[in-house]
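Q: Could you walk me through a few local features of this model, and be careful about the cut-offs?

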Amino acid sequence: MTTAPATPSAPTTTRAAVINAYGKPDQLVPADVPLTAPTQTQVLVDVAAVTVNPVDLTTRAGGSIPEKDARFPMVLGWDMAGTVLTTGAAVAGLQAGDRVAAMVFQPIDQHGTYAKYVNLDATLLAKVPDELTLQQAATVPLAGLTASQLLDEARGGGARSLLVTGPLGAVGRHVVALAAQAGLEVIGAAALERADDLRALGAALTVGRSAFTHVVRARYPSGVDAAIDLVGGTIAHDAFGLVRDGGRYVTAVPPYVDPSGRFESERDINLHVLTVHPDTGRLRELLALASQGVLSTAVEFTYPLGNAAEAHRRQAVGGLKGRVVLVP
């Protein structure tokens, strides 16, 4: 009599990179954390890749979640790509073996994606196109959704010209590519030696990051229709000053991490500080664009999950042309 092979039991713990207190990269340490079975509406995912985002560094240092609200040990991470292991009874459209990607809002439960296994609500998951590796797919969710939602706000008034500060960062590259695809004239404020990189993304003009005001003003005497700031500080104020009367200014730099003060204007400029939110339908579109080469999915450095501290150090150095990815 032949006995059917036993079904592997679902894991009850997962290896993760956690912080037990705020501080420097060394606070990131490997640990085994409890893992419950997925609920009826959740999916258990075997994580293949997690992208390190600047917000992770801010959170680790204590700049995102107030100490009184922090729950340690805390798992960082906003996005991931992996393979479905099991699904809850009420989940439709996903099954074991599907390759998926997702963005989570890590501050909600403070249990992010720096882990080997994660339970995620099925509504957050988008299938990964065959043309993308899971490492490539992991670079898209947070940066792509942030860029897309910033651009939605910037275009709200029918903008045709767009100034972008920080156009070669993870979010900035997507902003430029999506804006150019939408037909906007994009002006990128970046190091002039990287002008070719910006043109390759679709920018119409590169202006020096350290002194771009007079160049932009000469080309747009009345100001640009919209600006998206991804830098903060004095550069953000310079960009704000270049927006025309009645134009739009959007930033992903929260006021609490920008010490330069709030903006004031009597020129009827629409000002929006973005808080990114999950949007699975849009994520599917962004993954499709990435699979077509419209969005960059370059991975420059990979680190095992146990070396998350070193990955944070490399992210902090800057000057990246691709993403830093953790491989659980």
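A: What follows is a short talk through a sheet, a helix pair and some single residues.

A: This is a predicted model, in which local features need pLDDT of at least 70 and side-chain atom pairs count only at pLDDT 80 or more, while totals for chains, interfaces and linings use all residues. Residues are numbered from 1 along each chain as its sequence is written, and side-chain values use heavy atoms, with hydrogens and water left out.

Q: OK, sheet to start with: what is the order of the three strands in the open sheet?

A: The order is S2-S1-S4, with antiparallel pairing, where strands (E, at least two residues) and helices (H or I, at least four) are DSSP runs numbered from the N terminus. Strand S2 (28-34) and strand S4 (74-75) are the edge strands, each pairing on one side only. Two strands count as paired if DSSP finds at least two bridges between them.

Q: And how many bridges join S1 to S2?

A: Seven bridges join S1 to S2, and these strands run antiparallel; within that pairing, Ala17 has Pro30 of S2 as its bridge partner. On the S4 side, strand S1 (residues 13-19) pairs over two bridges, again in the antiparallel sense, and Ile19 stands opposite Met74 there.

Q: Is S1 mostly covered or mostly open?

A: S1 is mostly covered, since five of its seven residues are buried, where buried means under 20% relative accessible area, exposed means over 50%, and partly exposed is in between, computed with a 1.4 Å probe on protein chains only.

Q: Switching to helices, at what angle do H3 and H4 cross?

A: The axes of helix H3 (residues 141-154) and helix H4 (residues 170-181) cross at roughly 50° and come within 8 Å; axes here are lines fitted to C-alpha atoms, for helices over the stretch in contact, with angles from 0 to 180 degrees between N-to-C directions. H3 and H4 are therefore oblique to each other, as angles under 35 degrees count as roughly parallel, over 145 as roughly antiparallel, 65 to 115 as roughly perpendicular and the rest as oblique.

Q: Last one: where is Asp225, and what does Asp225 touch?

A: Asp225 is found in strand S12 (residues 224-229) and, at 16% relative accessibility, counts as buried. Not counting residues up to four places away in sequence, Asp225 touches Ala159, Arg160, Ser161, Val243, Arg244, Gly247 and Arg248, contact meaning heavy atoms within 4.5 Å.
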